[in-house]
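Here are my notes for your first read-through.

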Amino acid sequence: MSENVFTSNPLFQHTLSLEDYRARKVALITGNGQDGSYLAELLLSKGYEVHGIIRRSSSFNTGRIEHIYKDFHETGVKFFLHHGDLTDSTCLVHIVAQVQPTEVYNLAAQSHVKVSFDMSEYTGDVDGLGTLRLLDAIRTCGLADRVRFYQASTSELYGKVVETPQKETTPFYPRSPYGVAKLYGFWIVVNYRESYNMFACNGILFNHESPRRGRTFVTRKITRAVADIHLGRQECLYLGNIDAQRDWGHARDYVEGMWLMLQQDEPEDFVLATGETHTVRSFVEKSFAVTGRKLVWQGEGVNEVGKDAETGKVRVRIDPKYFRPAEVDLLLGDPTKAKEKLGWTRKVTYDELVTEMVVADVQGGLNNNTSN
């Protein structure tokens with residue numbers, strides 16, 4: 001059978017046995033950000049044909065996947081892109097019918113917590129109802145018993161935590177429109193799994209970062225600023241709550257966990273985490289240390305500053321505009337279930353993660369100097 005899905009009859013795949021259908025190894029990924037790019041690389045390395053959904057934009061928004069994308073007219077291409085959006089049911093049905101995936105990974109979202117307070121309706125539409133639209137697209141195409149579905153859940157579901165560490169059975173208490181929208185996504189996946197016998201899993205992933213992290217997320221904001229200060233392009237970094245504690249891992253490790261969830265005999269929900277927690281303050285200190293700088297802290301509250309221990313220059317200030325209306329103070333995951341059932345553990349340590357991100361941003365800054 002030809003693997004060229006663009007010329008295949010969407011109804012043809014229904015004539016295949018379930019075993020033969022699954023053996024095709026065709027993945028559909030929504031979202032082409034940090035996680036989508038690492039996941040696409042992983043799946044391609046495992047012999048999958050990979051399809052991604054991207055939103056139409058007047059500017060290029062494929063920077064994280066340019067290294068794996070080839071024009072589909074070339075021979076041997078196994079990575080394809082489709083224009084679509086989680087707010088458009090019709091296009092989702094069309095893409096699912098055309099691609100006939102064996103696995104669907106729903107990673108697309110408005111995922112910036114602070115922004116979700118400013119764009120709460122849009123966040124709910126994409127992160128909550130978007131999940132429902134994609135599940136219904138699979139059912140509409142008659143593939144409910146053939147497709148395995150992964151939903152990108154989040155540790156923000158725990159919000160105002162009621163126990164530490166947080167695991168699969170910990171009650172949810174989201175503290176942002178993003179968390180609330182993701183809560184709907186979580187439970188609609190569970191509902192469709194139980195109602196329609198779909199193989200659908202939630203991955204409750206704690207914070208995972210990399211050099212491909214979006215520039216407005218706090219970890220990448222920190223490493224970019226540290227790199228720019230090191231290169232003499234920036235004087236000071238402005239942050240909000242630097243005492244918030246998070247469980248940070250590397251995105252490359254976490255996408256492997258996503259894939260493992262869909263290879264099990266039965267669908268279940270899993271927490272992926274490192275089991276360690278660190279403050280934003282610690283992330284700042286370690287980032288500056290990579291460039292040979294030590295910070296000393298002075299003052300309290302919004303007046304606290306971080307100074308270069310050698311020069312006395314203020315390198316970090318607090319700006320209240322970055323405070324969330326409802327803060328999440330502590331997130332710490334318990335990945336025991338994933339370790340025991342999936343054989344999953346994180347490989348990249350916290351220190352290695354910080355170093356990789358800072359070095360990449362410094363190198364990126366140097367490359368920009370060269371190109372200019």
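1. In what order do the four strands of the open sheet come? The order is β8-β15-β14-β13, and the pairing is mixed. Strands pair if DSSP finds at least two bridges between them. Strands here are DSSP runs of E with at least two residues, helices are runs of H or I with at least four residues, and both are numbered from the N terminus. At the edges you'll find β8 (237-239) and β13 (295-298), each pairing on one side only.

2. Before going on, a word on what you're looking at. This is a predicted model, where local features need pLDDT of at least 70 and side-chain atom pairs count only at pLDDT 80 or more, while totals for chains, interfaces and linings use all residues. Residues are numbered from 1 along each chain as its sequence is written, and side-chain values use heavy atoms, with hydrogens and water left out. pLDDT is the predictor's confidence in each residue, from 0 to 100. The protein chain averages 92, and 91% of the residues score at least 70. Go carefully with residues 1-9, though: pLDDT stays under 50 there.

3. Contact means heavy atoms within 4.5 Å. Angles run from 0 to 180 degrees between N-to-C directions, and the axes are lines fitted to C-alpha atoms, for helices over the stretch in contact.

4. Helix α9 (residues 280-290) lies across β8, β13 and β15, at about 140° to β13. Its buried residues are V280, R281, S282, F283, V284, S287 and F288. Buried means under 20% relative accessible area, exposed over 50%, and partly exposed in between (1.4 Å probe, protein chains only). After α9 comes G292, with a positive phi near 85°.

5. Now the other sheet. Seven strands form an open sheet in the order β3-β2-β1-β4-β5-β6-β11, with parallel pairing. β3 (79-83) and β11 are at the edges with a single partner strand each, so one side of each has no neighbour in the sheet. The twist averages 20° from one strand to the next. Helix α5 (residues 120-140) packs on this sheet, touching β1, β4 and β5, and its direction makes about 175° with that of β5.

6. Zoom in on β4 (residues 103-106). In a regular strand the side chains alternate between the two faces of the sheet. Here E103 and Y105 point one way, V104 and N106 the other, and all are buried. β4 pairs with β1 in the parallel sense over four bridges, with A27 opposite E103 and L28 opposite V104. β4 and β5 also pair in the parallel sense over four bridges, and Y105 has Y150 in β5 as its bridge partner.

7. What is the largest nonpolar core built from? A nonpolar core is a set of buried Ala, Val, Leu, Ile, Met, Phe, Trp, Tyr and Cys residues joined through side-chain atoms within 4.5 Å. The largest has 30 residues, and those with the most contacts inside it include I29, L39, Y105 and Y150. Helix α8 (251-261) is one of the elements supplying at least two residues, and α8 gives the most, seven. L39 touches I29, Y105, L107, V255 and M258, not counting residues up to four places away in sequence.

8. Buried or exposed: which is H208? At a relative accessible area of 11%, H208 is buried. H208 sits in strand β7 (residues 208-209), and its side chain reaches the backbone oxygen of F206 at 2.8 Å.

9. T164 and P165 are joined by a cis peptide bond, with omega about 0°. Q100 is not a glycine, yet has a positive phi of about 50°; Q100 is buried, at 1% relative accessible area. N197, also not a glycine, has a positive phi of about 55°, but N197 counts as exposed at 67%.

Methods:
Polar contact = N/O pair within 3.5 Å; in protein donor to acceptor, adjacent residues only side chain to side chain.
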